[in-house]
Amino acid sequence: MTMSDDDILAPRKSRSGAHARADFSGRAARGPIIDQDGHEIRPETLEQGFREFRFEFGQGNPFGNLTREQRIARLEAIAKLLDVAFILPGTNIRYGIDGLIGLIPIVGDIITTAISLWLVREARALGAPWYLTARMLGNVAVDGVVGMVPFAGDAFDVMFRANMRNVRLLRRWLDKQPRI
């Protein structure tokens, strides 16, 4: 059975003669509101819950309670994921998601460069001096600019490993600092 164009544009009336149309405005509820456990929820309780519910944006940093060593471990984990997370089967060549995302022209390199810049920002927040962050920014710039060259840049990303270099630089600097 096929429908005519008229039925699609102007639906038929129901058998009772009224239009079959649902009213979702909540004014004329057709039955009780049931929660996932099968218990009835009174409408006034539901309205009170909506008035009390709110999101708290900007109320603290979710990573603010990490110790210095935990932050460094997080940086190392992200650098490994970006640069050396996988091994090319049959070879000893390691690559990360930086090389994979970098295959997307322009956008992929912008994304991975932004993540690399975040790593440099975290290093600066850990107290890295200006000359160390300048060197780290140089690594990110070389990785980002050369990485934009199709295919050859992706091969360079796999071999250069700017994020691992930056974490190694940070770790060496931190090891020289006196413990507090």
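From the N terminus on, the elements of this predicted protein model follow the order α-β-β-α-α-β-β-α-α-α-α-α, which comes to 8 helices and 4 strands. Helices (H or I, at least four residues) and strands (E, at least two) are taken as DSSP runs and numbered from the N terminus. The model is predicted, and local features need pLDDT of at least 70, side-chain atom pairs count only at pLDDT 80 or more, and totals for chains, interfaces and linings use all residues. Residues are numbered from 1 along each chain as its sequence is written, and side-chain values use heavy atoms, with hydrogens and water left out.

Of the 180 residues of the protein, 25% count as buried. Here buried means under 20% relative accessible area, exposed means over 50%, and partly exposed lies in between (1.4 Å probe, protein chains only). The accessible areas themselves come from the Shrake-Rupley method with a 1.4 Å probe, and for residues only the protein chains shown count as cover.

**Salt bridges**

The structure holds 5 salt bridges, each defined as a side-chain nitrogen of Lys or Arg within 4 Å of a carboxyl oxygen of Asp or Glu. Three of these pairs are set out below.

| Pair | N to O distance |
|---|---|
| Arg 171 and Glu 69 | 3.9 Å |
| Arg 71 and Glu 122 | 3.3 Å |
| Glu 122 and Arg 74 | 2.8 Å |

The salt bridge between Arg 171 and Glu 69 links distant parts of the chain, with Arg 171 in helix H8 and Glu 69 in helix H3, 102 residues apart. Arg 171 is partly exposed at 24% relative accessibility, and Glu 69 is likewise partly exposed, with a relative accessible area of 39%.

Which residues are linked in a network of salt bridges? The network consists of Arg 71, Arg 74, Arg 121 and Glu 122. Glu 122 is found in helix H5 (residues 107-125) and counts as buried because its relative accessibility is 5%. Arg 71 forms a salt bridge with Glu 122; Arg 71 lies in helix H3 and Glu 122 in helix H5, so this pair ties together parts that are 51 residues apart in sequence. The side chains of Glu 122 and Arg 74 also meet in a salt bridge, and since Arg 74 lies in helix H3 too, that pair ties together parts that are 48 residues apart in sequence. Arg 71 is partly exposed, with a relative accessible area of 21%, whereas Arg 74 is buried, as is Glu 122.

**Surface patches**

Patches are made of residues with over 30% relative accessible area and no salt bridge, like charges being joined within 9 Å and nonpolar side chains (Val, Leu, Ile, Met, Phe, Trp, Tyr) within 5 Å. Lys and Arg count as positive and Asp and Glu as negative, while His and the chain ends are not counted; the place of a charge is taken as NZ of Lys, CZ of Arg, CG of Asp or CD of Glu.

A positive patch is formed by Arg 135, Arg 165, Arg 168, Arg 172 and Lys 176, and its largest share, 4 residues, comes from helix H8 (residues 162-176). Arg 135 is found in helix H6 (residues 130-147) and is exposed, with a relative accessible area of 53%.

A nonpolar patch is formed on the surface by Ile 104, Ile 106, Val 107, Ile 110, Ile 111 and Met 148, with about 530 Å² of accessible area together. Ile 104 is placed in the loop between H4 and H5 and counts as partly exposed at 47% relative accessibility.

**Loop residues**

Ile 106, a member of the nonpolar patch, lies in the loop between helix H4 (97-101) and H5 and is partly exposed, with a relative accessible area of 46%. Its phi is near 60°, a positive value in a residue other than glycine. Most residues other than glycine have a negative phi. Phe 151 also has a phi near 60°; Phe 151 sits in the loop between H6 and helix H7 (152-160) and is exposed, with a relative accessible area of 67%.

Ala 85 is placed in the loop between helix H3 (68-83) and strand E3 (86-87) and is partly exposed, with a relative accessible area of 34%. Ala 85 and Ile 97 are 12 residues apart in sequence and 7.4 Å apart in space, C-alpha to C-alpha.
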